[in-house]
Amino acid sequence: MWMGVIAQLARTRNNQILRESDLPYPQFVLLLHFCHDPDRDWTVSSLARAFQRKQPGITKTVRQLLDRGFLRTRTDETDARVKLLRVSARGIRARDAAMTRLAPAFAEDFRSWKRSEVSELHRLVERLKNHLDEERDGAGS
């Protein structure tokens with residue numbers, strides 16, 4: 001329950017902060033995903049699986065990022081019907097600018113925490129993320 005509350009509070013604050021920029025939160029989230037491994041190619045299908053969303057919603061956000069030059073596309077060499085997507089340098093700069101806006105708010109949240117507490121939180125959240133990621137398709141069942 002608390003994870004849901006924290007997620008909602010963080011999403012609301014991120015939306016408020018990013019509203020002052022020209023990068024809407026859904027585009028920021030997708031850019032963040034691409035920037036995690038900027039040399040990786042994605043398809044709309046693979047993004048939909050990763051986000052556990054239907055393709056039309058992902059397609060709309062991908063189109064917006066392509067139109068802004070934040071993503072680039074190329075045709076798959078083995079199947080010309082498949083379009084491969086990758087973050088562009090402009091997309092990385094947009095993500096960096098958004099992170100510059102968001103970072104102070106999150107730094108303030110942890111100002112009174114000991115470094116060891118932040119490290120422990122990071123370790124445990126990563127552990128939970130990895131578990132949920134492994135279980136997403138029932139692979140661990």
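What percentage of the contacts in the chain with a separation of 6 or more do residues 24 or more positions apart account for? I found 54%, with contact taken as heavy atoms within 4.5 Å.

**Basis.** I worked on a predicted model, in which local features need pLDDT of at least 70 and side-chain atom pairs count only at pLDDT 80 or more, while totals for chains, interfaces and linings use all residues. Residues are numbered from 1 along each chain as its sequence is written, and side-chain values use heavy atoms, with hydrogens and water left out.

**Fold.** I listed six helices and two strands in the chain, in the order α-α-α-α-β-β-α-α from the N terminus. These are DSSP runs numbered from the N terminus, helices being H or I of at least four residues and strands E of at least two. The C-alpha atoms fill a box of roughly 55 × 45 × 25 Å along the principal axes.

**Burial.** I noted that 23% of the 141 residues are buried, that is, under 20% relative accessible area with a 1.4 Å probe, counting protein chains only.

**Helix α5.** I traced α5 over residues 89-109; its 21 residues reach 30 Å from first C-alpha to last, close to the 30 Å expected at 1.5 Å a residue. That expected span is 1.5 Å times one less than the number of residues. I located a bend of about 35 degrees at Leu 102, with Pro 104 following within four residues; the bend is the angle between axes fitted to the seven residues ending there and the seven starting there. Leu 102 is also among the buried residues of α5, together with Gly 91, Ala 94, Arg 95, Ala 98 and Ala 105. Their cover includes α1 (2-19), α2 (25-36) and β2 (83-87).

Technical notes. Buried < 20%, exposed > 50% of the residue type's maximum accessible area, 1.4 Å probe, protein only.
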